[in-house]
Structures are given as structure tokens and as C-alpha cells.
Amino acid sequence: MKRIVSLFTLLALTVTACHNPNEKAPEPEDSAAIKPPATMEYNVVKIYPHDTASFTEGLFWLNNQLYESTGLKGTSYLLKANLETGKAIQKLKIDNEYFGEGISMINNKIYMLTYQEHKVFVFDMNFKKIQEFEWPYEGWGMTTDGKQLILDTGGSNIYFINPETFKIERTLGVSNNNGYVDSINELEYVDGYIYGNIWQTNSIIKIDPKTGIVVAKAELTDIFPKNNLVAPAIEGNCLNGIAYDAAKGSFYITGKYWPNLFEVKFH
């Protein structure tokens with residue numbers, strides 16, 4: 001769900017987000033036995049430019065290049081960008097009827113979700129479309145552990161997907177000490193954990209993929225003033241891009257319409 005919505009719609013979403021009749025989340029563990037998430041502190045290593053026209057939906061890092069997907073009908077793109085300049089090196093426009101969502105790469109194929117169009121597009125590394133799949137739910141964030149694709153639909157469930165068939169092989173309900181965690185969005189798999197952004201916030205959670213428990217949480221609301229920068233005033237400007245550079249041990253963080261991309265380290 002990537003648009004600014006009315007209070008009525010937002011309340012309705014809060015009630016229904018975890019209760020899609022076609023989706024059944026696993027029962028969470030006894031919440032009394034779950035410890036509150038630890039606090040992840042962060043420090044900014046470097047700040048890079050980012051295209052303010054990008055309604056960022058997905059982000060990953062590969063071979064010293066950023067790959068990004070953007071959303072909204074008519075402005076959805078798959079692109080590869082130069083980190084230092086923020087400029088697109090390669091860019092593919094998605095047909096106007098589609099709202100681009102999360103992306104990931106596995107087996108030298110780039111997978112791109114669509115929001116409500118129930119399509120998943122598959123591209124080769126030169127951005128040539130080679131396949132597409134049907135997906136029965138909304139598409140939000142996506143990442144990979146190198147064996148399966150891992151995606152979410154904006155509720156509390158995370159799905160582990162066979163990349164050859166795009167069939168669900170496992171469903172994981174995400175919870176913390178207060179119960180299910182809703183509105184999970186952009187995802188990144190790092191060192192055995194899933195990092196996820198919470199929609200319409202600047203929060204990132206760290207999820208144990210074995211249990212679904214949120215083990216840690218980072219709050220990045222102050223990332224602009226902390227670095228003497230001004231956050232974009234445009235609607236929908238929340239954090240929505242998480243990529244990981246294993247060589248540096250750094251995360252690249254950006255958001256919808258953000259003028260900056262931040263290299264951060266969590267601790």
C-alpha cells in the first residue's frame with residue numbers, strides 16, 4: 001500500500017491487514033515469553049545523492065552498483081544507478097498500467113513485484129523481460145537468501161518463494177512481545193536475518209527468519225536533522241529502501257523522493 005490514504009481507509013487497513021481470508025498466519029508464540037526488541041543504534045558513514053523523482057520501492061546492491069525499483073503508475077522504473085552521483089546508468093520504464101514494487105536478484109535474474117496488478121516480472125541482467133508470474137496478493141517488499149525469494153504483502157506475513165515457480169514454500173508470521181507486527185514493507189536479507197521497513201515510518205526491524213520474532217529495531221526518524229539536512233516535505237516521503245554492501249558491512253538507506261542515500265552501520 002503505497003499511496004497516502006484517508007483516515008477512514010487507514011483505519012480499515014489496520015483492521016484487515018492481517019486478516020486476508022486467503023492468508024492464514026501461523027500462531028505466534030506466547031507473547032509473554034518474547035523479549036522486547038533490542039535497540040539498534042546507527043551511525044552514518046557517508047551521504048550520497050539520490051534522485052528526488054524516485055518513488056522508491058525496492059533497493060539492492062550488486063557489483064558496486066545500486067539497483068532500484070520505483071512505483072506509482074506511469075512513473076515505475078527498474079534502474080541501475082551510480083552510487084557516487086545518484087544518476088541512472090540504465091533505466092527501464094514499466095508499462096503505465098503497472099505500479100512497480102520490490103525487487104530482488106537470484107540466479108542472475110531480477111524479479112520485480114507489482115502492487116495490485118498480481119504480476120511478477122522477471123528480467124535478465126540487461127533488463128530484458130524474460131518471464132512473468134501471477135501472484136494472488138498485493139506485492140510489497142522482496143529480498144532473497146540466495147535459495148528462495150522472500151517477500152511480503154504489507155501485513156504481518158513473510159513468504160518464502162520458489163524462484164522457478166513463484167509458489168509459496170513457507171509462510172512466516174512476524175511478531176514481537178506485543179503480538180503480530182503489521183505493515184512490513186521493504187526487505188533485505190543480511191547474515192541470516194531479515195531487515196524490514198515498517199510502512200509510513202522510518203523504522204527498521206531485524207527479524208529472525210526461523211521464528212519470525214523481531215529481535216531488534218532501529219529508529220531513523222532523526223537521520224536528516226542529525227546530519228544537518230532537511231527531509232523532503234512532499235507527501236509519502238517515508239523510508240523505503242534498504243540495501244546491503246557486504247564488502248563494507250554497510251547498509252544503504254533511502255526513501256521515497258529522498259534527496260539523499262545514507263550509508264549506515266548498525267550496532
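**Rings and cores**

I started with Y137: its relative accessibility is 13%, so I count it as buried, the cut-off being under 20%. I keep in mind that this is a predicted model.

Next I checked Y159, which comes out at 2% relative accessibility and therefore counts as buried too. I then looked at the two rings together: Y137 and Y159 form a stacked aromatic pair, with 6.0 Å centre to centre and 25 degrees between the planes. Y137 is in the loop between strand 10 (129–134) and strand 11 (142–144), while Y159 is in strand 13, so their pairing ties together parts 22 residues apart in sequence.

How many aromatic pairs does the structure hold? I get 23. Ring pairs also join Y111, F133, W135, Y137, Y159 and F166 into a cluster.

Then I went to the cores. The largest nonpolar one has 19 residues, and F251 and F266 are among those with the most contacts inside it. Strands 20, 21, 22 and 23 and helix 2 each supply at least two of its residues. A second, separate core has 14 residues, including Y111 and W135.

Last, I looked for charges over rings. The charged end of K91 sits over the Y77 ring, 4.3 Å from its centre, and that of K256 sits over the F55 ring at 4.1 Å from the centre.

Notes. Residues numbered from 1 in each chain as written. Predicted model: local features only at pLDDT ≥ 70, side-chain atom pairs only at ≥ 80, totals over all residues. Heavy atoms only, no water. Core = buried A, V, L, I, M, F, W, Y, C linked by side-chain atoms within 4.5 Å. Buried < 20%, exposed > 50% of the residue type's maximum accessible area, 1.4 Å probe, protein only. Helix = DSSP H or I, 4+ residues; strand = E, 2+ residues; numbered from the N terminus. Phe/Tyr/Trp six-rings, centres within 6.5 Å; stacked < 30°, edge-to-face > 60°. Lys NZ or Arg CZ within 6 Å of the ring centre and 35° of its normal.
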